[in-house]
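Biologist: I'm new to this one. Please walk me through it, one spot at a time.

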Amino acid sequence: MKRQSRAGQLRGFREHFYRQVVDALADQPLRVLAYSLVPSPRARPDEDWGTLQAEADQLGYAIAARLHDVAVPVTTTYFPASSASQGVYTPPWDRPGWREAERQLRAGLADGVLVLDRHNISSDDDEYHAVIKHLGEHCRAFLHLVIPEEPVAPT
């Protein structure tokens, strides 16, 4: 039950910054950066680009640039009975493509970032929340997900 409320809270937080950007720009078309996180160096983001372009077209967004990173596992020390060594990936702010996205947002070259789902940013709720907050407060930008935050289904 707690996971479901957190997903709704994160979605509301993300939508808050979207409304701030839309209100500030009035009737201007929104410019977004299409961002993808691919699972391996051999993977191509082409399929994501098609989906992101279709979403941008449907909403009237102009894609200013396409950026991607490779999901690289972080080397961690294994602690028995700890989740610290399981499925840990480079945080967004340590990825070159994401750093470039933030640079372009701060430079005013785009108004937001368009991604397929939140897992392209982070699967960790606190880290994901921090990214949304940073985009909204420091870059005056929003994050748009093609697939909104979804609560975890009860087991």
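Biologist: Where does Arg 140 sit?

Modeller: Arg 140 is in the loop between α4 and β4. Helices here are DSSP runs of H or I with at least four residues, strands are DSSP runs of E with at least two, and both are numbered from the N terminus. This is a predicted model: local features need pLDDT of at least 70, side-chain atom pairs count only at pLDDT 80 or more, and totals for chains, interfaces and linings use all residues. Residues are numbered from 1 along each chain as its sequence is written, and side-chain values use heavy atoms, with hydrogens and water left out.

Biologist: Is Arg 140 buried or exposed?

Modeller: Exposed, with a relative accessible area of 65%. Exposed means over 50%, buried means under 20%, and partly exposed is in between, with a 1.4 Å probe and protein chains only.

Biologist: And what is the phi of Arg 140?

Modeller: Positive, about 50°, although Arg 140 is not a glycine. Most residues other than glycine have a negative phi.

Biologist: Ala 26 also has a positive phi. Where is Ala 26?

Modeller: In the loop between α1 and β1. The phi of Ala 26 is near 55°. Ala 26 counts as exposed, at 53% relative accessibility.

Biologist: Let's zoom out. How many helices and strands does the chain have?

Modeller: There are 4 helices and 4 strands. Along the sequence the pattern reads α-β-α-β-α-β-α-β.

Biologist: How much of the chain is buried?

Modeller: Of the 155 residues, 40% count as buried.

Biologist: Now the largest nonpolar core. Which residues touch the most other members?

Modeller: Tyr 35, Trp 98, Leu 105, Ile 121 and Leu 143, out of 23 residues in that core. A nonpolar core is a set of buried Ala, Val, Leu, Ile, Met, Phe, Trp, Tyr and Cys residues joined through side-chain atoms within 4.5 Å.

Biologist: Which elements supply at least two residues each?

Modeller: α1 (2–25), β1 (31–38), β2 (62–70), α3 (96–106), β3 (112–115), α4 (125–138) and β4 (142–145). α4 gives the most, with 4 residues. Apart from this core lies another one, of 11 residues, including Leu 30 and Trp 49.

Biologist: Back to Leu 143. What does it touch?

Modeller: Residues up to four places away in sequence aside, Leu 143 touches Arg 14, Val 113, Val 115, Ile 121, Tyr 128, Ile 132 and Leu 135. Contact means heavy atoms within 4.5 Å.

Biologist: Which way do the β4 side chains point?

Modeller: Leu 143 and Leu 145 point one way, Phe 142 and His 144 the other, and all are buried. In a regular strand the side chains alternate between the two faces of the sheet.

Biologist: How many bridges join β3 to β4?

Modeller: There are 4 bridges, and the two strands run parallel. Strands pair if DSSP finds at least two bridges between them. One partner of Gly 112 is in β4: Phe 142.

Biologist: New topic. How many aromatic pairs are there?

Modeller: The structure holds 4. Tyr 35 and Trp 98 have ring centres 5.0 Å apart and planes at 75°, so the pair is edge-to-face. Rings of Phe, Tyr and Trp (its six-membered ring) pair if their centres lie within 6.5 Å; planes under 30 degrees apart count as stacked, over 60 as edge-to-face and the rest as tilted.

Biologist: What does the pair of Tyr 35 and Trp 98 tie together?

Modeller: Tyr 35 lies in strand β1 and Trp 98 in helix α3, so the pair ties together parts 63 residues apart in sequence.

Biologist: What about Tyr 61 and Phe 142?

Modeller: Their pair is tilted, with 5.9 Å centre to centre and 55° between the planes. Tyr 61 lies in the loop between α2 (46–59) and β2 and Phe 142 in strand β4, so the pair ties together parts 81 residues apart in sequence. Tyr 18, Tyr 61 and Phe 142 form one aromatic cluster.

Biologist: Last one. What is Ser 36 in contact with?

Modeller: Neighbours within four places aside, Ser 36 is in contact with Pro 45, Asp 48, Trp 49, Leu 67, His 68, Asp 69 and Asn 120. Ser 36 is found in strand β1 and is buried, with a relative accessible area of 0%.
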